[in-house]
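Trainee: I am new to this structure and would like to go through it with you. Could you show it to me first?

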Amino acid sequence: MAKTKTINKIKDSGSDRVFGIVNGTILTIFTLLVLYPIYFILSASISDPTYVNLGETFLFPKGINFLGYEKLLEYPTILRGFANSVLYTVSGVCIQMFTCVTCAFALSRKELPGRRWLNGFFVLTMYIGGGLVPSYILYRDLHILNTIWVIILPTALSVYNMIVCRSFFMSNISEELFEATKIDGGSYTTFFIKVVLPLSKAILAVLVLYHALAHWNNYTSALYYLRDSRKYPLQMVLKGLTASLSSDVQDMGMDAKAIADKIKAEQAVRYAIIIIGSIPVFLMYPFVQKYFVKGVMVGSVKG
Amino acid sequence: MAVLMLALALTGCNGGGNAGDDGGFSVLIPAESPDKPDGLYQKSLERLQSLTDVPITWEYMSDVDGASVLKMQIASGEFPEVYIGGIFQPSDISQFAANEIIIPIEDYINEKDTPNIYKLYQERPAIKAASVAPDGHIYTLPGLKEDMASYLENIMYINKVWLDKLGLDIPKTLDDLKVVLKAFKEQDPNGNGQADEIPLTFNLASSSDYPEVLLSSWGLSTKYGTWDSWLTVQDGEVKFAPVLDEWKEMIAYYRDLYAEGLLDMEAFTQTGEQYNAKKGASVSKIGVHWSNANAMANSDEYIAIEPLSADGKIKPAWRIHPGYIGTKDFMVIFKNCRNPKEALKWADKFYEIDNSIQNAFGEAAENSTLSKVGDNFVWNELPEGEVVSSYMYSCVLTSGMPCFLPEEVYGSEKFPFLPGQEEKKAVYEMYKPYLDDEVWPRPYYAVEEANRLSELTTDIFSLVETKRAKWITGAEDLESGWEQYKADIKRMGGDEMLSIYQGAYDRYQAGMPK
């Protein structure tokens with residue numbers, strides 16, 4: 001008996017080990033696949049563009065230089081765009097988080113009158129939008145065109161994220177907690193601030209990330225609704241820069257060497273643009289990461 | 001666009017907000033930024049304001065995706081009064097005209113009020129003919145830069161060092177070329193011991209290095225794409241080059257090169273960047289290519305050669321970009337303009353030579369592309385790493401300003417050549433005898449014509465491209481597939497497509513003096 005058991009045990013742990021190795025290998029390959037493009041861009045941004053295009057920077061950067069970054073930082077509009085983007089993202093996310101979480105909390109309470117109707121109303125806006133021209137006319141008549149408000153107000157509530165948040169509240173914040181709060185003499189506000197929010201750090205972190213990403217990458221509303229280039233966010237500045245880079249540099253019988261150099265420099269700038277544009281996102285992930293792991297699984301009601 | 005126009009109908013046109021009539025007008029320019037460095041913009045605005053006595057109100061918009069932004073504003077009922085800049089397509093102009101939101105200007109053009117435009121129309125009937133919209137009116141003011149050498153988009157370059165090393169002559173015919181390419185491939189002319197030479201390559205993504213250039217050897221000139229649609233004109237008749245026998249012969253020639261490894265294996269798959277990297281390699285790799293400038297890492301190894309003849313008897317017909325006729329749509333006047341007459345009197349001054357030069361190449365100033373010394377212009381030393389052809393975009397108010405720079409001005413005392421421009425001019429002289437005198441002029445289409453064309457050409461063009469690649473690489477047999485291919489294009493509406501093009505061309509020709 002004992003013998004068989006031992007054999008079984010060894011067998012089990014053997015298959016566990018195999019599973020671990022296979023699992024680890026697959027995940028490692030997958031991670032590398034995801035990381036490689038980022039690594040490639042990074043290495044391309046500090047390599048000589050000629051080698052990049054000949055495919056010689058497959059593994060390591062070659063002809064290392066920082067020409068792309070130097071050129072890029074020479075544009076005075078970059079820093080201003082960066083500052084604008086930070087402003088839009090921070091203020092936009094504050095507004096969005098406030099509307100999103102409060103709205104989700106209210107809709108997660110079953111005793112809310114007209115809850116079904118309200119839910120339907122919110123979902124409806126996900127299917128039907130005004131369209132570009134009517135939106136433009138609306139913002140114009142609201143006199144928010146060409147101001148910060150046209151960037152952050154129209155997206156003040158993301159219905160999709162609100163629904164995600166509401167579902168989280170409904171499935172993770174148990175009714176007993178609310179009863180406990182009530183017994184202790186707490187109101188809805190106390191419950192929301194003292195109980196719900198601290199228990200929802202994980203979803204809050206994820207939502208901040210979602211909202212911030214959307215704001216950081218937002219380009220169209222700046223394109224259509226901002227006229228003053230001093231208010232452009234980074235993405236718009238970068239887009240303008242790439243457009244001006246690709247304009248025909250060769251159209252007058254010009255010094256051939258100079259043109260070849262110019263084309264080279266512009267390719268370097270293009271890679272640098274991608275890196276500069278994504279730095280804040282890279283920086284944000286590690287901070288949010290710990291909430292992905294923590295939080296969700298930690299229950300508050302035992303048994 | 002249809003959506004936008006529907007919205008236009010729904011919202012009605014209440015016009016831009018212009019308060020009262022001060023005798024002036026407002027001008028919208030797609031300028032990246034009014035606070036660009038160095039005060040050049042301010043200088044431009046001051047110069048332009050000084051051309052008229054009435055006050056001008058300036059409005060700006062981004063030049064990034066400018067056309068779609070402006071079209072959205074127009075659809076929401078917000079018009080500029082006068083618009084200057086090069087972001088509209090001819091199809092936009094046709095659309096605006098059909099909706100009557102821009103006004104015809106021909107009635108304002110006369111000897112007294114607008115002497116320069118009047119004279120321009122007399123001296124350059126081609127640009128007047130090109131400016132006439134399908135409804136018979138003129139809505140736009142043109143820009144003309146007659147730097148003829150810059151419209152030579154393709155120049156055939158060959159590696160002279162390799163030729164000399166292998167003791168070969170400059171090829172004159174396509175057969176000669178093949179011999180040369182073979183030697184390039186087999187005899188290691190770059191001397192690095194590797195067979196890494198690419199005898200011939202082209203770039204499908206480029207506006208100058210495309211494969212159809214070789215069709216010139218059979219006496220036809222054409223170009224792919226939205227504007228030129230592989231059309232070629234012979235004695236007033238518009239033809240679709242990809243169904244002509246010459247096209248078949250060209251494909252067969254490429255196919256043979258490809259089979260022998262003389263054509264770049266990556267020719268159909270490479271990106272523009274990869275192509276440029278090949279040209280930029282420190283040890284020359286490319287034997288023959290055609291570009292609009294000798295932009296190579298080892299450009300001194302390459303020389304321009306005359307067009308080749310298919311068989312030694314046919315006279316090559318080299319293509320020149322129709323831009324030399326002028327670009328027709330650099331300024332339009334919208335219907336709510338308070339003083340169109342004043343606006344045109346003002347714009348007329350753009351065609352004076354000093355204004356033209358500054359409109360097109362940069363405001364005269366120390367930190368600009370050029371300065372003015374006395375009556376003449378001189379080119380400035382540029383910041384390091386800059387070239388005039390791109391730096392000038394930050395020195396002009398906006399690219400696409402009306403101007404008239406006649407051919408004789410270039411290289412004159414008033415407006416000297418840039419370094420390199422003279423060399424290009426010499427190459428141009430070499431190609432001049434071969435230039436095709438019937439160029440597809442990119443005429444106007446009526447709205448319904450443009451819509452129909454975009455339906456028809458989508459499928460036809462993709463068939464042409466697919467077959468071209470398959471035949472050349474040998475994936476399909478050219479001989480057995482050719483008749484079927486011609487029949488397919490006919491079935492897909494090839495004749496209708498051609499008749500629309502012919503109609504547009506005939507309208508253009510009707511405006512030309514006999």
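Trainee: How many residues of domain 1 of chain B are in contact with domain 2 of chain B?
Mentor: Good place to begin! This is a predicted model, in which local features need pLDDT of at least 70 and side-chain atom pairs count only at pLDDT 80 or more, while totals for chains, interfaces and linings use all residues; residues are numbered from 1 along each chain as its sequence is written. Chains are lettered from A and ligands numbered from 1 in the order in which they are written, and side-chain values use heavy atoms, with hydrogens and water left out. Contact means heavy atoms within 4.5 Å. On the side of domain 2 of chain B there are six residues, and on the side of domain 1 of chain B the number in contact is 10.

Trainee: Where do the bounds of domain 1 and domain 2 of chain B lie, and what distance separates their centres?
Mentor: The bounds come from an automatic or database domain assignment. Domain 1 of chain B is made of 18-149 + 325-369 + 398-416, and domain 2 of 155-319 + 445-510. Taken over C-alpha atoms, their centres are separated by 36 Å.

Trainee: What area do domain 1 and domain 2 of chain B bury between them, and which residues of domain 1 lose the most?
Mentor: The size of an interface is often given as the accessible area lost when the parts come together. Here buried area is that loss with a 1.4 Å probe, summed over both parts. The two domains of chain B bury about 640 Å², with 70% of it on carbon and sulfur atoms. In domain 1 of chain B, 50% of what that side buries belongs together to the residues that lose the most area to domain 2: S94(B), A129(B) and P134(B).

Trainee: How many salt bridges and how many residue pairs in polar contact does the rule find across this interface of chain B?
Mentor: A salt bridge is a side-chain nitrogen of Lys or Arg within 4 Å of a carboxyl oxygen of Asp or Glu. A polar contact is a pair of N or O atoms within 3.5 Å; within protein, one must be able to donate a hydrogen and the other to accept it, and residues adjacent in sequence count only if both atoms are side-chain atoms. Between domain 1 and domain 2 of chain B the rule finds zero salt bridges, and the residue pairs in polar contact (both at pLDDT 80 or more) number one.

Trainee: Which element gives the largest share of the side of domain 1 of chain B that touches domain 2?
Mentor: Helices (H or I, at least four residues) and strands (E, at least two) are DSSP runs, numbered from the N terminus. On this side of domain 1 of chain B, α4 (90-98) and α6 (125-131) each supply at least two residues. The largest share, four residues, comes from α4(B).

Trainee: How does chain A compare: how many residues of its domain 1 are in contact with domain 2, and what area is buried?
Mentor: In chain A, domain 1 is 11-65 and domain 2 is 67-293. There, 12 residues of domain 1 are in contact with 11 residues of domain 2. With 67% of it on carbon and sulfur atoms, the area that these two domains of chain A bury is about 960 Å².

Trainee: Is N359(B) buried or exposed?
Mentor: N359(B) is found in helix α13 (residues 353-361) of chain B. Buried means under 20% relative accessible area, exposed over 50%, and partly exposed in between (1.4 Å probe, protein chains only). Because its relative accessibility is 2%, N359(B) counts as buried.
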